[in-house]
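Dear colleague,

Please find the structure below, handed over for your study. My notes on what was found in it follow directly after.

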Amino acid sequence: MAIDYEKRLQNLKARRFDNELNESVLTKSFDSTSIPKDIKYLMESMVRIDKKYNDRTLEAAKRVQNHLEAGLELHFSRAYRTQGSVMTSTNIKVHSDFDLLTIIDRYHFTGYGVPNDNPYTESDPNDDIKKLRKQSTTIMENIYDEVDKTGKKSISIFNKALRRKVDIVFCFWQNSKEYEDTKNEYYRGIYLFDFVENEKILDYPFAHINQVNSKGDITNDGSRKGIRLLKTLKADSDEKIDLSSFHLTTIVHSIDNNDLYYTTGNEIKIAKTISNQLLRLITDSGFRQSVKSPNGTENPLTENTILEMRKIKSDLDELIADVHKELYLGYFEKGELIYS
């Protein structure tokens, strides 16, 4: 089925419209009639959301943090960190969801190889984090009209003034041996808490953010462009593609930096590079199983992702083929000049 580029461009425009500022995050070339729609879709899909829009998301999270600190009455202090695609500039929506990590800061859990000579015994951590969530929910409901309490690990609020959604994720610190040795937060983990299963889940979000940003800088934004492209294709696909942002980021992160390096006008090269990598991931089980997440702690591309990678590759390949048709007519050079 042929891609409806007019529909996709309208979807893209809607995702990039800021209601509060009444403007869209689009290039000056979006409304140009001299660029074919398939080329325009490829290039616009890879363009970053401007910092001023992402800063409003950060502002919404800061407001939530301030409300929490003004209202919480607990025996332990809190630390706050942020995570999500806004932190790596790989978001494709102006109103991108955003995580405010709300971390119990009085004590921490120790990682493998770290002696626990002075274990914390003054309270039950599970009770502490449940009290943190309960009080946080009450505070948010007294301030915001829209509070979603159904999340297993978080609650969510919607800031109507800034038109931003913030997920409040409740956590414990986990200090790895590397963190204890260096005090570099890159190596520090957090335990998310599943309030349904009553269990902790280890994650290393700061290493993830650092690695994605590092690769983005080394590739002159090429890897970030690739991630944005895959996220856009998933969002606009006519069929459901069951790959998370984490999966899509891992796919692009597994590609050699040299193959992702961005220069003006080589969006099509990056797209073909990603298609080739998807083919390898789909057909080479040994390679697929060896690919780790950006922070090096997980192997998320399991056999269950093969069908979904086939779906997004099919969509990507159709886009590449359509753009190539325009290349033969010389339109891409016009697009390159306009987008440079």
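Helix H1 (residues 5-15) packs against helix H2 (residues 37-46) at an angle of about 30°, and their axes are 9 Å apart. Here axes are lines fitted to C-alpha atoms, for helices over the stretch in contact, and angles run from 0 to 180 degrees between N-to-C directions. The two helices, H1 and H2, are therefore roughly parallel to each other (angles under 35 degrees count as such). Helices (H or I, at least four residues) and strands (E, at least two) are DSSP runs, numbered from the N terminus.

This is a predicted model, in which local features need pLDDT of at least 70 and side-chain atom pairs count only at pLDDT 80 or more, while totals for chains, interfaces and linings use all residues. Residues are numbered from 1 along each chain as its sequence is written, and side-chain values use heavy atoms, with hydrogens and water left out.

On the H1 side, Tyr5, Glu6, Arg8, Leu9 and Leu12 meet Lys37, Asp38, Lys40, Tyr41, Glu44 and Ser45 of H2 (contact means heavy atoms within 4.5 Å). The residues of this contact divide into four nonpolar, one polar and six charged. For this count, Ala, Val, Leu, Ile, Met, Phe, Trp, Tyr, Cys and Pro are nonpolar, Asp, Glu, Lys and Arg are charged, and the others, Gly among them, are polar. H2 is mostly covered, with nine of its ten residues buried (buried means under 20% relative accessible area, with a 1.4 Å probe and protein chains only).

Strand E6 (residues 154-159) is also mostly covered, since six of its six residues are buried. Ser154, Ser156 and Phe158 lie on one side of E6, and Ile155, Ile157 and Asn159 on the other. E6 runs antiparallel to strand E5 (residues 147-148), joined to E5 by two bridges (strands pair if DSSP finds at least two bridges between them). In that pairing, Val147 stands opposite Ile157. E6 also pairs with strand E7 (residues 164-175) in the antiparallel sense, over six bridges, and there the bridge partner of Ile157 is Val166. Four residues lie between E6 and E7 in their hairpin, and Arg163 in the turn has a positive phi of about 60°.

Finally, Leu101 lies in strand E4 (residues 98-110) and is buried, with a relative accessible area of 0%. Its C-alpha atom is separated by 9.5 Å from that of Phe172, 71 residues apart along the chain.

Yours sincerely

Definitions and conventions: Buried < 20%, exposed > 50% of the residue type's maximum accessible area, 1.4 Å probe, protein only. Parallel < 35°, antiparallel > 145°, perpendicular 65-115°, else oblique.
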